[in-house]
Amino acid sequence: MKRPNPVLWLWYAFGGRLPDRYREWVLHDITCRTWVVRHVLRGLVQTSPVYLLLLLPGPLDIRLLACLLGLLVGLMYYVSFIMDTTEQRLVRHGYSRGTGIATRKAAHAEEDAARQALYNARYRHSG
């Protein structure tokens, strides 16, 4: 699996489409065990221009709080739309919509079945 170089990764983090040779890596990025952490890191990179607020004149505490608020609001929206954003990223790289969800679901099918069986045994018993 070919990984993008740092410049291409920045392009990808800001929503750009990578060349087809990175298609498999994009699917891995969206469906691996740490996909949420990767998504949040991309969000932090996307919201990094908010640090330019530190260059504005004014009291340092107000500038720091403005940066913090900007980052928190940006991350809130980024995490709120995590499923749509990741699916759209896969569609942009040639996968059909729903591929990410289906891949993650298939990877955890046994765990989900065991969890559902435990739930059923605990809360759905007849009595």
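## Salt bridges in a predicted model

The structure, which is a predicted model, holds four salt bridges.

**Exercise 1.** Determine which residues form salt bridges with Asp29, and state whether Asp29 is buried or exposed.

*Solution.* Begin with Arg38, whose salt bridge with Asp29 has its closest N and O atoms 2.9 Å apart. Next take Arg42, which also forms a salt bridge with Asp29, here with the closest N and O atoms 2.5 Å apart. In sequence, this second pair ties together parts that are 13 residues apart, because Asp29 lies in helix α2 (residues 23–31) and Arg42 in helix α3 (residues 35–46). Turning to accessibility, Asp29 has a relative value of 2%, and because buried means under 20%, Asp29 counts as buried. Arg42 is likewise buried.

**Exercise 2.** Locate the salt bridge between Asp112 and Arg115, and classify the accessibility of each partner.

*Solution.* The closest N and O atoms of Asp112 and Arg115 are 2.8 Å apart in this salt bridge. Both residues lie in helix α7 (residues 109–123), where a spacing of three residues corresponds to about one turn of the helix. Asp112, with a relative accessible area of 32%, is partly exposed, whereas Arg115, at 51%, is exposed.

Methods
Residues are numbered from 1 along each chain as its sequence is written. This is a predicted model: local features need pLDDT of at least 70, side-chain atom pairs count only at pLDDT 80 or more; totals for chains, interfaces and linings use all residues. Side-chain values use heavy atoms; hydrogens and water are left out. A salt bridge is a side-chain nitrogen of Lys or Arg within 4 Å of a carboxyl oxygen of Asp or Glu. Buried means under 20% relative accessible area, exposed over 50%, partly exposed in between (1.4 Å probe, protein chains only). Helices (H or I, at least four residues) and strands (E, at least two) are DSSP runs, numbered from the N terminus.
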